[in-house]
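Please consider the structure shown below together with its sequence. The explanation that accompanies it is meant for a reader who meets this structure for the first time.

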Amino acid sequence: MSGEADGRQAELAANLARVEERITRACVTAGREPKDVTLVVVTKTYPADDVRRLARLGVRQVAENRDQEAAPKAAACADLPLAWHFVGQLQTNKARSVVRYADFVHSVDRTRLVTALSAAAEREGRRIGCLVQVALDRGSGAAGQRGGVEPDAVGELADAIASSPGVWPAGVMTVAPLSGPYAGRPRAAFERLREISTRLRADHPAATMVSAGMSGDLEEAVAAGATHVRIGSAVLGVRPGLR
Ligand SMILES: *Cc1c(COP(=O)(O)O)cnc(C)c1O
């Protein structure tokens, strides 16, 4: 391996150690066990070689947000012991591709997508964990920018997932809102998500995943009870552009 590549391996190792330390500290503060918080590394915009380096460092959960990028990357990493999470807004016509590599889809926000994922997963002989994405960035009726359903609609969508073959209700996900009542209050938003999760688990006990927190707000997410944090830039570096 070239010196430059070795340098990247060392950089990723240092970043990963820092993020794991942040998670551990946040758990100690919250009186939680670090093993109850799973780090999902968001590798979008970074090459398959970086995924390979992360796997060498012990990372087992990786996430992507665009099928066009994720499908070839997952194929290039098919020999690695990784679980792939899809976290981006998903068009129904991409369902067929996504179910080939993804183990979890965090961004399920409409019944048409459930139908598409179910049919595609059945055809591939796979069973995909679906998280209902909750939009907390809306007042009454105004469409949010980042996908997701209103809190009141979570139960109905989870029921649709539970009654469809090839998919199962795995939990809930949110992105800290930039607008609306929770803007600038990630902890409150994540606590709301946690309440929604508790209510959901009464009907769907297997739906234990609470996916919340990114590089800038993982402490708030851990404090509020997140089981999965989705960390990109703090591990891989700041992405160019606005993604
Ligand atoms: C990019 C992305 C992340 C990671 O964001 P960072 O700020 O880079 O940690 C998490 N969740 C989703 C849905 C994303 O698109």
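The following paragraphs turn to the ligand, then to the nonpolar cores, and finally to the cysteines.

The model is a predicted one. Around its ligand stand Val42, Lys44, Val87, Met173, Met214, Ser215, Arg230, Ile231, Gly232, Ser233 and Arg239. Sorted by class, this shell comprises 5 nonpolar, 3 polar and 3 charged residues.

The side chain of Ser215 places an N or O atom 2.5 Å from a ligand oxygen. For Arg239, a polar side-chain atom is found 2.7 Å from an oxygen atom of the ligand. Gly232 takes part through its backbone, with an N or O atom 2.8 Å from a ligand oxygen. The ligand taken alone exposes 390 Å², and the protein buries 88% of that area.

The largest nonpolar core consists of 68 residues, and Leu117 and Val229 have the most contacts inside it. Beyond its neighbours within four places in sequence, Val229 is in contact with Ile23, Val37, Thr38, Leu39, Val40, Ala212, Gly213, Leu218, Ala221 and Val222. Another core lies apart from the largest one and has 6 residues, including Ala170, Met173, Val175 and Met209. Met173, a member of that core, is also one of the residues around the ligand.

The cysteines remain to be considered. A disulfide is a covalent bond that joins the sulfur atoms of two cysteines. The structure contains 0 disulfides. Cys27 has a relative accessibility of 0% and therefore counts as buried. Cys130 is likewise buried, its relative accessible area being 1%.

How values were computed:
Residues numbered from 1 in each chain as written. Predicted model: local features only at pLDDT ≥ 70, side-chain atom pairs only at ≥ 80, totals over all residues. Heavy atoms only, no water. Near = heavy atom within 4 Å. Polar contact = N/O pair within 3.5 Å; in protein donor to acceptor, adjacent residues only side chain to side chain. Areas by Shrake-Rupley, 256 points an atom, 1.4 Å probe, with all protein chains shown as cover. Nonpolar A, V, L, I, M, F, W, Y, C, P; charged D, E, K, R; others polar. Core = buried A, V, L, I, M, F, W, Y, C linked by side-chain atoms within 4.5 Å. Buried < 20%, exposed > 50% of the residue type's maximum accessible area, 1.4 Å probe, protein only. Contact = heavy atoms within 4.5 Å. Disulfide = S-S within 2.5 Å.
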